[in-house]
Amino acid sequence: MKFEIITIFPGFFAGIFEHGIVRRAQAEGLVGIGVHDLRAFTHDRHRTVDDRPFGGGEGMVLKPEPLAEALKSLGIEAKKGEKQVLRSAQNDEAESGTRVILLSAQGRPFTQAVARDLAKVERVVLICGRYEGVDERINEIYCDMELSIGDYVLSGGELAAAVVVDTVMRLVPGVLGNEASGEFESFGIADAEISSDEEGVPRSQHGAGGLLDYPHYTRPAEFGGLRAPEVLMNGDHQQIRRWRREQQLRKTLKNRPDLLEGATLSDEDQRLLEAIATEDGE
Ligand code: SAM
């Protein structure tokens, strides 16, 4: 899988992808990252990438021509242009593995589900905006989607691009070693089959069933006056699974109750939730 990032600050990415899983995935050839300097696609002495907004108002806007050239250099054709030319069938085939994404505070939310979809494509092209944003025609002509990493305004799309690369990359098959582990984290796939084991004990694999992950502990057993939960040290795996599932439910109810609506919950889960709610009400 390949990520292509278009930015006016290529130096921003120096070092950011040289750690941990992201570095290893590149070293093993599972993932590649190209960073492209938008100014390389300008033709004036000042390497101008921005201009004043039509209609007046604050700030500057990234000009369309350098962005269009940068995209063209990556083999990206217009979806539709001034002449409303749709991508030809041949181009569709050639481009079927590519998603062109504009990072934008106005985009649809970037979620783990979006990341799972993107991890299936061959190439993700990320356009980083700056200033007031990008001339909207770039979005209309070339982009498959606008993505926002959260309800706040960054000063540029670079941080957002790094978030998308990091999140999507670890879901590419082979990158995490154990391919299943991406499914069993916070925001994992809600799946009835993993909600309880053969003995009816709810599964506790991290975010199984679409819940948040459970809390993790390691040595020392005693830290800061707090002891790690005894149940995790007694070797009874059924008890451990039950405790972890309960913690997932507690954490999700406390921090992200909205996720419970889409989660796959067993009868045991429902009973636990009711017990927790009663407890909290007391
Ligand atoms: N005028 C824009 C607005 O109000 O939505 C904000 C522009 S922002 C200062 C500059 C660039 O940062 C945007 O073009 C976009 O690429 C990026 N950006 C800002 N917030 C973002 C977010 N929440 N998610 C993704 N990209 C973001």
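**Stop 1: helix H7**

Select H7 and colour Arg244, Arg245, Glu246, Gln248, Leu249 and Thr252, which are buried. A residue is buried if 20 or more other C-beta atoms lie within 10 Å of its own, exposed if 12 or fewer, and partly exposed in between, with C-beta atoms placed from the backbone. Helices (H or I, at least four residues) and strands (E, at least two) are DSSP runs, numbered from the N terminus. H7 covers residues 237–255, has 19 residues and reaches 26 Å from its first C-alpha to its last, close to the 27 Å expected at 1.5 Å a residue. The expected span is 1.5 Å times one less than the number of residues in the helix.

**Before going on**

This is a predicted model, in which local features need pLDDT of at least 70 and side-chain atom pairs count only at pLDDT 80 or more, while totals for chains, interfaces and linings use all residues. Residue numbers run from 1 along each chain as its sequence is written.

Colour the chain by pLDDT, the predictor's confidence in each residue, from 0 to 100. The mean for the protein chain is 89, and 84% of its residues reach 70 or more. Over residues 81–95 the pLDDT is below 50, and beyond near neighbours in sequence this stretch has 11 contacts in the model. Two residues are in contact if their C-beta atoms, placed from the backbone, lie within 7 Å.

Zoom out to the whole chain. Its secondary structure comes to nine helices and nine strands, and 30% of its 282 residues count as buried. Among contacts between residues at least 6 apart in sequence, 70% join residues at least 24 apart.

**Stop 2: helix H6 and the cores**

Select H6, residues 158–169. With 12 residues, H6 reaches 16 Å from its first C-alpha to its last, close to the 16 Å expected at 1.5 Å a residue. Which residues of H6 are buried? Glu158, Ala160, Ala161, Ala162, Val164, Val165, Val168 and Met169 are.

Next, show the largest nonpolar core, which has 46 residues. A nonpolar core is a set of buried Ala, Val, Leu, Ile, Met, Phe, Trp, Tyr and Cys residues joined through C-beta atoms within 7 Å. Leu67, Ile101, Leu103, Leu126, Ile127, Ala161 and Val165 touch the most other members. H6 gives the most to this core, with seven residues. Centre on Val165: leaving aside its neighbours within four places in sequence, Val165 is in contact with Phe3, Phe17 and Ile33. Apart from this core lies another, of six residues, among them Leu212, Ala263, Leu265 and Leu272.

**Stop 3: around the ligand**

Select the 20 residues around the ligand, of which Ala105, Gly129, Leu154, Gly157 and Ala160 come nearest. The criterion is a C-beta atom, placed from the backbone, within 6 Å of the molecule. Strand E5 (residues 98–109) supplies the largest share of this shell, four residues.

The shell divides into nine nonpolar, nine polar and two charged residues. Here Ala, Val, Leu, Ile, Met, Phe, Trp, Tyr, Cys and Pro count as nonpolar, Asp, Glu, Lys and Arg as charged, and the others, Gly among them, as polar.

**Stop 4**

Arg116 lies in helix H4 (residues 112–118). Why does Arg116 count as partly exposed? Because Arg116 has 17 C-beta neighbours inside 10 Å. Arg116 and Arg170 are 54 residues apart in sequence and 9.7 Å apart in space, C-alpha to C-alpha.

Move to Val121, in the loop between H4 and E6. Leaving aside neighbours within four places in sequence, Val121 is in contact with Gly97, Thr98 and Arg99. From Val121 to Thr98 the C-alpha to C-alpha separation is 6.3 Å, across 23 residues in sequence.

**Stop 5: backbone exceptions**

Most residues other than glycine have a negative phi, and most peptide bonds are trans.

- Arg47, in the loop between strand E2 (32–37) and strand E3 (50–51), has a positive phi of about 55 degrees. With 14 C-beta neighbours inside 10 Å, Arg47 counts as partly exposed.
- Tyr131, in the loop between strand E6 (123–127) and helix H5 (136–142), has a positive phi of about 55 degrees. Tyr131 has 17 C-beta neighbours inside 10 Å and so counts as partly exposed.
- Pro220, in the loop between H6 and strand E8 (222–223), is joined to Arg219 by a cis peptide bond with omega about 5 degrees.
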